[in-house]
Amino acid sequence: MKRWIALALFVLLPVLAQAAQVQASLDRNQVQLGETVTLNLRVEGGGVAQAPDLSALGHDFEVLGRSSNTSLSIVNGRRSAQSTVGIALRPTHAGQLVIPALDFAGARTRPLTLTVTPPDPAAAANAGKAVFLEAGAQPSRVRVGQQLLFTVRLYFAGSLSSGSLEDPRLPGIDARRLGDDLDYDVVRGGRAYHVIERRYALVPQHAGTIQLPSLQFQGELIDPTDPDSFFAMGTPATAASPAVTIQVQPPPPHWGSSAWLPARALTLTLDGIPADGKARVGQPLDLAMTLQATGLPYEALPALSLPDLKGATVYPDKPVTGTRNDGQWLIGRRQQNFAVVPGQPGRLAIPAITLKWWNVQSGQAEVARIPAHTLTVLPAAGSQPAPAASTAVPAATVVAPAALPATATAATHRAPAWRVVVLVAVALLLLGGALTAWWAWRRRVRSAADARAPGSGSARALRLAFLAAARGSDAVAQAHALLAWARAERPGLSGLGALAEALASVTQREAIEALQRRRFAAEADLAGPDLAGAFRQGFQWREPPTGEEPPLPPLYPFKLR
């Protein structure tokens with residue numbers, strides 16, 4: 001009885017259990033003594049967002065205040081909620097301070113480390129000023145193409161009614177703003193200041209010593225003790241940041257001809273390899289190669305490609321690229337999809353792919369690697385299979401069940417009623433699980449079949465269907481598949497003639513004209529351009545005419561520019 005109950009709990013508990021996802025983060029990882037830092041606690045997927053016990057922070061921090069907010073979103077009918085608790089902390093001493101793991105919303109956060117430095121003597125010299133700027137680069141010594149973090153802080157006592165802060169501009173340096181401005185309060189020389197912190201990603205393009213010039217701020221400061229401030233009559237205020245010097249080194253002399261990739265982290269992956277290691281002649285494999293690097297924009301990442309594969313044709317898709325940031329570092333990403341169409345049964349070998357890069361944190365060269373894969377390619381669907389070996393089971397392997405003793409039979413008939421009830425309940429439970437799995441499998445099979453249909457599915461599925469049709473000789477099927485793929489990107493197309501007029505590529509228009517001749521000509525074997533090759537890189541659309549309308553005047557209140 002206990003074994004059956006344990007089995008039922010083992011089946012049901014994964015369905016009933018759903019733990020909340022909790023994350024802890026700091027708005028800054030390094031501060032000066034006297035500055036404040038915000039500890040953000042986020043919970044997703046449920047849980048009560050109540051502030052945890054902060055008594056463990058009393059030795060290193062002063063808790064200044066708390067705030068909380070909750071956001072709710074519904075996407076495709078699925079509801080998701082996120083609650084955030086913000087805790088303002090002020091370190092009480094310098095050093096490497098650790099915020100321990102905290103119990104929050106039924107889960108436990110990971111420990112965080114905060115670097116607290118002594119007050120800067122130059123910052124102490126600014127104490128007493130109503131407005132001043134600070135600037136710094138981290139690290140101050142980099143290599144060509146390596147991102148550095150440039151931080152500008154505007155300190156002001158009172159309130160700003162207007163103001164503008166220029167961005168760094170210097171030839172030979174790629175500068176990008178990272179995220180939104182940070183707002184916090186500090187105390188310098190016994191005086192309270194409000195701080196607006198702005199971060200930039202700087203990527204030097206040339207080696208040598210680079211002097212980052214001073215940045216200028218201009219605005220109007222309102223003094224709450226001034227009676228004229230009631231009428232918004234501010235006092236003009238200006239400030240300038242100190243110049244910053246950085247040393248830019250060239251790549252190591254032994255690097256060679258490989259692409260120079262100085263990054264903090266880099267990954268190279270290949271997705272889409274069949275889990276069972278099998279493919280079929282004429283059916284495309286959709287492979288996705290992804291390269292992601294922390295500390296590099298996507299423009300610095302090399303183009304991705306597959307080597308020539310013996311026994312298969314590779315059709316690359318349009319690359320998908322983009323750059324995001326985590327508030328400190330750029331994260332460049334490049335994804336390249338390939339349609340690999342096996343042409344003959346047997347073994348299909350995809351060799352290992354490597355990429356050399358420079359780890360700026362360790363100062364060493366590393367290699368990202370995609371392991372080699374070998375697939376078994378089956379004959380095309382509908383072809384005559386090879387004769388199969390006899391599947392008859394030898395007589396020696398078939399064992400007849402022995403007759404049950406009379407005593408065992410009698411014991412079976414005298415089984416207690418509770419055991420019968422438990423067996424029936426467990427059987428129903430397992431039957432329900434099997435039916436659920438069968439239903440999910442049927443949905444996946446139906447979705448895959450719909451995706452392979454020429455007239456339905458996503459543009460990627462329709463593109464693969466066209467490539468498969470282009471390898472054959474059926475001009476009608478090729479025309480239908482090509483038009484279905486084009487309508488997934490341009491729904492208003494009426495036919496192949498309209499498709500040809502919408503294309504900018506002469507080669508693609510000629511390929512459509514040749515396809516039309518093959519469809520309607522008496523001779524079925526008319527030669528023409530390579531249909532699959534003409535559309536290998538996707539459609540080359542004509543650029544639609546665009547017109548610029550005058551922008552609307554700003555309707556939002558003052559925000560630092």
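**Helix packing**

Trainee: Is the crossing where H6 passes H8 left-handed or right-handed?

Mentor: H6 passes H8 in a left-handed crossing (the near helix is turned anticlockwise from the far one by less than a right angle; clockwise would be right-handed). This is a predicted model, where local features need pLDDT of at least 70, side-chain atom pairs need 80 or more, and totals for chains, interfaces and linings use all residues. Numbering runs from 1 along each chain as its sequence is written, and side-chain values use heavy atoms, without hydrogens and water.

Trainee: What angle do H6 and H8 make?

Mentor: About 140°, with the axes of H6 and H8 9 Å apart (axes are lines fitted to C-alpha atoms over the stretch in contact, and angles run from 0 to 180 degrees between N-to-C directions). H8 covers residues 506–520 (helices are DSSP runs of H or I, at least four residues, numbered from the N terminus). That makes H6 oblique to H8 (under 35 degrees is roughly parallel, over 145 roughly antiparallel, 65 to 115 roughly perpendicular, the rest oblique).

Trainee: Which residues of H6 and H8 meet?

Mentor: Ala 475, Val 476, Gln 478, Ala 479 and Leu 482 in H6 meet Ile 512, Leu 515, Arg 518 and Arg 519 in H8 (heavy atoms within 4.5 Å).

Trainee: Now H5. How does H5 pack with H6?

Mentor: H5 (residues 459–470) and H6 (residues 475–489) pack at about 160°, axes 9 Å apart. They are therefore roughly antiparallel, and their crossing is left-handed.

Trainee: Which residues of H5 meet H6?

Mentor: Among them are Leu 462, Arg 463 and Phe 466 in H5, while the H6 side includes Gln 478, Leu 482 and Trp 485.

Notes:
Helix = DSSP H or I, 4+ residues; strand = E, 2+ residues; numbered from the N terminus.
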